[in-house]
Amino acid sequence: MVQGRGSADLVLVNMAAVLCLMVLAGHVHAATYTVGGSGGWTLNVDSWPKGKRFKAGDTLVFTYDPTIHNVVAVNRGGYSSCITPAGARVYKSGNDQIKLSKGQNFFICNVCRAL
């Protein structure tokens with residue numbers, strides 16, 4: 001039996017469909033968390049993560065007043081010292097949505113001006 005080009009195309013389409021389903025399946029289980037709960041991203045939210053299980057692909061929503069706060073994605077050293085390392089990503093919108101990457105993710109505010 002002779003197979004034509006149509007058979008190869010069908011195999012490629014099926015492979016592409018399986019890959020798409022695998023990608024979508026990974027995102028189906030992602031969760032969205034509002035950092036700090038209903039109070040949002042403010043001072044003293046360091047206990048907020050207790051009891052939560054975060055994973056890569058989850059989204060953290062940071063809601064805050066951008067005139068007195070921001071969100072800075074830092075490494076462990078930046079978090080421990082509360083210093084923004086060179087090249088750190090700074091978010092300033094007041095409603096930032098950040099997808100967690102694999103491994104540990106650390107965030108600080110480097111504004112925190114008193115009213």
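Residues 24 or more positions apart account for 72% of the contacts with a separation of 6 or more in the protein, a contact being heavy atoms within 4.5 Å. The model is predicted, so to speak of local features requires pLDDT of at least 70 and side-chain atom pairs count only at pLDDT 80 or more, whereas totals for chains, interfaces and linings use all residues. Residues are numbered from 1 along each chain as its sequence is written, and side-chain values use heavy atoms, with hydrogens and water left out.

Two helices and six strands make up the secondary structure, in the order α-β-β-β-α-β-β-β along the sequence. Helices (H or I, at least four residues) and strands (E, at least two) are DSSP runs, numbered from the N terminus. Strand β3 (residues 71–74) pairs with β4 (residues 89–91) in the antiparallel sense over three bridges, where pairing requires at least two DSSP bridges between the strands. In this pair, A73 lies opposite R89 of β4. Strand β3 also pairs with β6 (residues 106–108), again antiparallel and over three bridges; here V72 has I108 as its bridge partner.

Of its 115 residues, 25% count as buried, meaning under 20% relative accessible area, with exposed being over 50% and partly exposed in between (1.4 Å probe, protein chains only). C109 is buried at 13%, while C82 is exposed at 52%. Zero disulfides, defined as pairs of cysteine sulfur atoms within 2.5 Å, are found in the whole structure.
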